[in-house]
Amino acid sequence: MKKMSISKRISVTMRGYSILKQYCPGLAQGKAVYELIHSIQPFLSVWFTARIINEISSQRRVKTVILYVLSVVLIHFICAVLKNIINQICNEKESQMWSWFGKVFSDKQMSLDFVDLENAAIQHQRQEAEENLYMFGNGLAQLFWGISALVRTFVNILASLLMTISLFVSKSGNKLIDHPVWILIVLICIILGGLSKSKATISENEVFMNFCKNTVWFNRVFMFFGKELYMNPEKAKDIRIYGQNIVAEKELDKLILHERKNQFDIFKMSLYPAAAQIIIGLANTVCYLFVAAKALFGAFGVGSIVQYVAVLSRLGEGLQELMYILSDNEVYCTHLQNLFAYLDLPNNMYQGSLTIEKRDDNEYYVEFRDVSFQYPDTDRYVLKHVNLKFKIGEKLAVVGMNGSGKTTFIKLMCRLYDPTEGEILLNGVNIQKYDYDEYMSIFSVVFQDFRLFSFSLGQNISASATYDSEKVTECLKKAGFDKRLESLPNDLETFLYKDFDTDGVEISGGEAQKLALARALYKDAPFIILDEPTAALDPLSEYEVYSKFNEIAGDKTAIYISHRLSSCRFCDKIAVFHAGEIIQTGTHDELLADNEGKYYQLWNAQAQYYIT
Ligand code: ADP
């Protein structure tokens, strides 16, 4: 893999921090302040200890010694209190960290173009980035976990350097010991120690990362077999009936065998750390001898030996950790880059910026102009040269056999997809030019496969956390749910289903439909579209629901979709779809008058199902 340049790594890391800041406010900062206090503390102890020993071994002023002791105790007490407070805050925030990271994904998924939700390559990219999240914290958690090491390292290096300056400045009177070349020798020893330790840690890490890479793949397969196949009730049915668990178990055995071969590289894991320990030992010996020799020749007191020995080893640790941080940064920058590649997927739908014109005369019209459409990654046109114009306030019916393209027509009108050819206009302007959210706000659609959620009834109807109770009740009444509402234990606060509340209610298919209709009414959008949410009903009941809804819809533009012609005969305009084309338009009576036409043919074919 190509190495990332330093400037790229800096920009990736900075963007990572800004996401942390946006989604987990205060978490990174809290951790940094905690670590700052925590890593300064040992230096304070060393400094005061050195002063106390120096005082005891020289002038022995009791007052000074007491002052040093009290100061160090007080400072540690203040640090402990501060750390405790910050820790409490950080723990609280850290416990929410994974949910916040999950939100990074759900926000992106929500803003993705609908078409991308069906795009296998994009969903695979999301899955990979999400898997990284749980395996490696997706770079974001690594970034957070790395904050302590980063602050500690900088404090270690900076404080150690400051506290070693006097080691080289103080003179012992011996030319050999006071020679400036010792600065170089001590620094080389420390750097050598640091480098060898970091090399050992990095190679250990590489082995671990290789192991993890296999594990990600293994986990994915295992999740499929273990969770998807056995625990998903939909699939478990078939697995049990057809005994497919035997095939699955054989495959799983093969995988476990394969996994056993991926053992850790023992050689790298043991040789490098051993070599590093020897180098560090030698380097430390040189440094300690130098400090001891300077003290011996009278450059400083015994207490300062404690200080220099302690800070030199801290400086060594700081350099080791710096190397490690740099290599770790490279690893999580790669993960962050994968995450950013997913987050940066363009939202093509969001390119438009026009606001929807507010017209007093309510004279809006929608026009399909020679629209043809292929679903992504397919080569079949499911809509061909569709031309249709209708005004706001009209009741339009879209009828035709199953698979003739009715739902696709609606999806295009609601901009879930863009046409492959041709254009759709609202008041003469291509709908792609409108602000996406504003355009979407003019539609209320009840799809055939509508979903209600395990929220409260009020939240389901209003599609929001807070709602206008009166309006919700009114919509439920219009949709014919009022009697059932009276029987609910907690009125509008009653939860649907039992996922979040054991008092939640189960609702029948017919009731769910009424709720979906009430939700469409609550949105109060100028366009209401019913895409066969009534398909499970018999033809007569569907007709009743549709004509009742027509009354409720009042002067809104309503579009009714059905493969049953009878359901829509009250509409002002009927468009007949066949194999992706509009083959006839007109009122029910006009269409029926054409006894050569498809509508006439379908009407007669379906006549047995209803009594007119
Ligand atoms: P209708 O609503 O009239 O039953 P649809 O608009 O749902 O018809 O479907 C029209 C055609 O488009 C069908 O042949 C269907 O198989 C195909 N189709 C629908 N959705 C997709 C999709 N997401 N990807 C590919 N083809 C699809």
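What share of the contacts in the chain with a separation of 6 or more comes from residues 24 or more positions apart? The share is 74%, where a contact means heavy atoms within 4.5 Å.

This is a predicted model, in which local features need pLDDT of at least 70 and side-chain atom pairs count only at pLDDT 80 or more, while totals for chains, interfaces and linings use all residues. Residues are numbered from 1 along each chain as its sequence is written, and side-chain values use heavy atoms, with hydrogens and water left out.

**The whole chain**

Start with everything selected. The chain has 22 helices and 10 strands; these are DSSP runs numbered from the N terminus, helices being H or I with at least four residues and strands being E with at least two. Of its 612 residues, 44% count as buried, that is, under 20% relative accessible area, against over 50% for exposed and in between for partly exposed (1.4 Å probe, protein chains only). The accessible surface is about 32,400 Å², and 60% of it belongs to carbon and sulfur atoms; the method is Shrake-Rupley with a 1.4 Å probe, and for residues only the protein chains shown count as cover.

**The six-stranded sheet**

Next, select the open sheet whose six strands follow the order E6-E7-E8-E3-E9-E10, with mixed pairing. Its edges are E6 (443–446) and E10 (581–586), each of which pairs on one side only; two strands pair if DSSP finds at least two bridges between them. From one strand to the next, the twist averages 15°.

Now pick E7 (residues 527–531) and E8 (residues 557–562), which run parallel and are joined by five bridges. Ile 529 has Ile 559 in E8 as its bridge partner.

Axes are lines fitted to C-alpha atoms, for helices over the stretch in contact, and angles run from 0 to 180 degrees between N-to-C directions.

**Thr 557**

Zoom to Thr 557, in strand E8. Is Thr 557 buried or exposed? Thr 557 is buried, because its relative accessible area is 0%. Among the residues it touches, beyond those up to four places away in sequence, are Phe 390, Gly 393, Pro 526 and Ile 528.

**Cysteines**

Last, select Cys 79 and Cys 333. Cys 79 counts as buried at 11% relative accessibility, and Cys 333 counts as buried at 0%. The structure holds zero disulfides, a disulfide being a pair of cysteine sulfur atoms within 2.5 Å.
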